[in-house]
Amino acid sequence: MPQRPRKHILVTGGAGFIGTHLCTRLLQAGHAVTCVDNFWTGSRDNLRHLAGHPQFEIIQHDITEPLRVDADEIYNLACPGSPTHYQADPIRTTRTNVLGAINMLELARCTGARILQASTSEVYGDPEQHPQTESYPGSVNPAGPRACYDEGKRCAETLFFDYHRRHGVPIRVARLFNTYGPGMRPGDGRVIPTFILAALSDEPLTVHGDGNQTRSFCHIDDLLTGLIGIMQSEDSLIGPVNLGNPEEITIGELARQILEITGSASPLIHAPALADDPKKRCPDITRARQELGWNPATPLDAGIRHTVAWYAARSASNPA
């Protein structure tokens with residue numbers, strides 16, 4: 001079987017959770033990869049296993065400033081992904097989403113690269129449609145504490161489609177729903193690592209609100225397959241395309257499942273609901289199934305066990 005030609009692929013936000021896994025997968029496929037990150041929330045430690053790889057380089061750069069690098073493909077993942085981080089400096093978050101999108105689109109326009117925007121299910125806000133299809137325009141509070149991320153990603157999508165219409169830039173737009181797996185940064189506020197670390201430490205698991213709000217969780221391995229599939233798809237599929245697991249679970253049920261898997265005796269406690277926290281979140285992935293043949297393959301129970309094992313091993317090797 002003939003080998004696919006090697007590409008030079010640029011991954012912004014490549015030192016983050018998803019970016020690190022993506023860089024690794026692309027290198028394993030034989031491509032040359034340049035990771036661009038300002039290390040605001042990403043970490044060089046995440047890339048330690050790639051040190052010395054002959055086809056891998058790291059550029060420390062903030063994409064709110066222009067960048068000139070030749071590339072065949074660009075994955076634009078740069079932006080804090082957890083509420084804890086993106087709300088810590090909301091103006092910077094908006095700048096990353098908007099100015100970063102413009103600079104990466106200009107780079108794609110100048111080099112002829114195909115570019116993928118890692119958008120988010122947060123563009124749907126607190127949805128009135130359930131599950132959410134790509135045609136649903138969303139229900140977002142533009143003045144709320146999450147708007148820097150929600151509206152920033154919505155504006156980035158607008159820029160991508162306008163650059164495609166005006167300049168013919170070959171774009172792809174993927175809307176990522178909750179993703180989890182080994183390598184998620186402890187303390188970033190996302191629910192699965194927060195619950196796992198609390199359970200492993202026999203500390204209380206804090207559920208905000210009544211715990212009946214729902215989410216759907218997609219394992220990182222499945223997400224990467226979907227992302228790369230969208231990038232490699234025909235030009236007719238520019239997006240947006242939902243990528244996520246259509247199986248819902250309440251946050252309360254998730255907490256109980258993690259307690260059972262870890263064998264922890266940690267108590268469940270409740271705290272006030274978070275502002276603008278969506279009550280339901282679940283993707284309609286019909287488009288991804290029909291156009292890409294993509295479907296998440298990792299059951300939640302197996303994925304959580306895999307993730308728990310990673311955190312347990314990490315804690316054992318780094319007790320501090």
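1. A salt bridge is a side-chain nitrogen of Lys or Arg within 4 Å of a carboxyl oxygen of Asp or Glu. The structure holds 12 salt bridges. Side chains of opposite charge can pair when their charged atoms come close.

2. The model is predicted, so local features need pLDDT of at least 70 and side-chain atom pairs count only at pLDDT 80 or more, whereas totals for chains, interfaces and linings use all residues. Residues are numbered from 1 along each chain as its sequence is written, and side-chain values use heavy atoms, with hydrogens and water left out.

3. Helices (H or I, at least four residues) and strands (E, at least two) are DSSP runs, numbered from the N terminus. An α-helix has 3.6 residues a turn, so residues three or four places apart point the same way. Arg 109 counts as partly exposed because its relative accessibility is 40%; buried means under 20% relative accessible area, exposed over 50%, and partly exposed in between (1.4 Å probe, protein chains only).

4. Glu 122 forms a salt bridge with Arg 146, the closest N and O atoms being 3.0 Å apart. This pair links distant parts of the chain, 24 residues apart, with both Glu 122 and Arg 146 in the loop between strand S5 (114-120) and helix H4 (147-167). Glu 122 and Arg 146 are both buried.

5. Asp 235 and Arg 172 meet in a salt bridge of 3.1 Å, N to O. Asp 235 lies in the loop between H6 and strand S11 (241-243), and Arg 172 lies in strand S6 (residues 171-176), 63 residues apart. Asp 235 counts as exposed because its relative accessibility is 52%, whereas Arg 172, at 1%, counts as buried. A network of salt bridges links Arg 114, Arg 172 and Asp 235.

6. Helix H6 (residues 220-231) has 12 residues, which at 1.5 Å a residue should span 16 Å; its end C-alpha atoms are 16 Å apart, which agrees. The expected span is 1.5 Å times one less than the number of residues. H6 is mostly covered, with 9 of its 12 residues buried. Among them are Ile 220, Asp 222 and Met 231.
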